[in-house]
Amino acid sequence: FGKAHTCLYKVPRARQSKNQAMKTKVLSFNLPDRIVSRRTFGEGYETISAALQVPKRAVASVILKWKNFGTTRTLHRAGCPAKLSNRRRRALAREVTKNRMATWTELQSSPVEMGEPSRRTTISAELHQSGLYGRVATR
């Protein structure tokens, strides 16, 4: 038997506050495959949604995933997760291009303010990934 896979979709609900996230539900084992098979036969999103009693947004997200990856299964990610987010890496690159004389400790203290502590080597690697080489801490 193959591994059971799950497909997540987000259900919007009336939010009391800004910080409250959307509720996520899991589709049953073979439902994504049934959605895709109905779509390949030419049925529309609303027809599929009504027939399978699934929100239209869930049907759309399953079909989008199938179009992008060729499967409805959740695939493994490639490589290990990044230490810094893309947003933080761009902010770090901006900071370095503005102030080339910044020391490693100054650069190291700024991610802590944003909630992402990092080491000198991590900052160096992230700057290299952004295309900024030859960074030496100056006095």
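This dialogue walks through the reading of a predicted model.

Reader: What are the ground rules for this model?
Author: It is predicted, so local features need pLDDT of at least 70, side-chain atom pairs count only at pLDDT 80 or more, and totals for chains, interfaces and linings use all residues. Residues are numbered from 1 along each chain as its sequence is written, and side-chain values use heavy atoms, leaving out hydrogens and water.

Reader: What pLDDT does the protein average?
Author: pLDDT is the predictor's confidence in each residue, from 0 to 100. Where it is low, the predicted coordinates should not be read in detail. Here the average is 78, and 73% of the residues score at least 70.

Reader: Which elements have the lowest and the highest mean pLDDT?
Author: Helices (H or I, at least four residues) and strands (E, at least two) are DSSP runs, numbered from the N terminus. Strand β1 (residues 7–11) is lowest, at 57. Helix α2 (residues 45–52) is highest, at 94.

Reader: What pattern does the protein follow along the sequence?
Author: β-β-α-α-α-α-α-α. That comes to six helices and two strands.

Reader: How do α1 and α2 pack?
Author: Start with the axes: lines fitted to C-alpha atoms, for helices over the stretch in contact, with angles from 0 to 180 degrees between N-to-C directions. Under 35 degrees is roughly parallel, over 145 roughly antiparallel, 65 to 115 roughly perpendicular, and the rest oblique. Helix α1 (residues 31–40) and α2 pack at about 140°, axes 10 Å apart. They are therefore oblique.

Reader: Which residues of α1 and α2 meet?
Author: Contact means heavy atoms within 4.5 Å. L31, R34, I35, R38 and R39 in α1 meet Y45, I48, A51 and L52 in α2. By class, that contact has six nonpolar residues (Ala, Val, Leu, Ile, Met, Phe, Trp, Tyr, Cys and Pro), three charged (Asp, Glu, Lys and Arg) and no polar (the others, Gly among them).

Reader: At what angle do α1 and α3 cross?
Author: Roughly 80°, with the axes coming within 10 Å. The two are therefore roughly perpendicular. P32, I35, V36, R39 and T40 of α1 contact V59, V62, I63 and W66 of α3. Seven of these residues are nonpolar, one is polar and one is charged.

Reader: Where does Q53 lie, and is it buried or exposed?
Author: Most residues other than glycine have a negative phi. Q53 has a positive phi of about 55° although it is not a glycine. It lies in the loop between α2 and α3 (56–69). Buried means under 20% relative accessible area, exposed over 50%, partly exposed in between (1.4 Å probe, protein chains only). Q53 is exposed, at 72%.
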